[in-house]
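Dear colleague,

Please find below the structure that I am handing over to you.

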Amino acid sequence: MNISGLAAYCLTQPGAREDYPFGPEPLVMKVGPKMFALLSVGESGQPSISLKCDPELAYLLRQQYAAVKPGYHLNKQHWNTVVIDGTVPDEELRGMIDDSYALVARSLTKADKEKLGLIR
């Protein structure tokens, strides 16, 4: 999977949208006013995605995959940065995106959830 494929998958989440609050990089995916994914290409040309994660799962994923690191410039307990080098299966990446989105969407206010159609 590449950056454009990851971005496209992020946008399949209900109410997800692109934003560039920090300039041209990183591409930030938000649900409501909150970030759930940050996509960028590092100085080395290596693409990565940062995702919110349950702290215990974040630790386990870091142990399982060398490409999963503590969140770059983010709360390292709650965010992982995944280097997109082909060592993390696409299905696992999609699952990480789904989990990140769910964690963030759950934390939205009731009003934000209603605006996005996440509750009725």
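Predicted model: local features only at pLDDT ≥ 70, side-chain atom pairs only at ≥ 80, totals over all residues.

Residues are numbered from 1 along each chain as its sequence is written, and side-chain values use heavy atoms, with hydrogens and water left out.

The whole structure contains 3 salt bridges (a side-chain nitrogen of Lys or Arg within 4 Å of a carboxyl oxygen of Asp or Glu). Aspartate 112 pairs with lysine 115, with the closest N and O atoms 3.6 Å apart. These two residues are separated by about one helical turn, because they lie 3 residues apart in helix α4 (residues 110-115); helices are DSSP runs of H or I with at least four residues, and strands are runs of E with at least two, numbered from the N terminus.

Aspartate 19 bridges to arginine 17, at 4.0 Å between the closest N and O atoms. Aspartate 19 also meets lysine 30 in a salt bridge (2.9 Å, N to O). That pair links distant parts of the chain, 11 residues apart: aspartate 19 is in strand β1 (residues 16-19) and lysine 30 in strand β2 (residues 27-31).

The largest pocket is lined by 16 residues, and Ser40, Ser48, Ser50, Tyr72 and Thr81 lie nearest its centre. A pocket here is an open set of points on a 1 Å grid over the protein atoms alone, where a 1.4 Å probe fits, with protein on both sides within 12 Å along at least five of seven lines; lining residues have an atom within 4 Å of a point.

Yours sincerely
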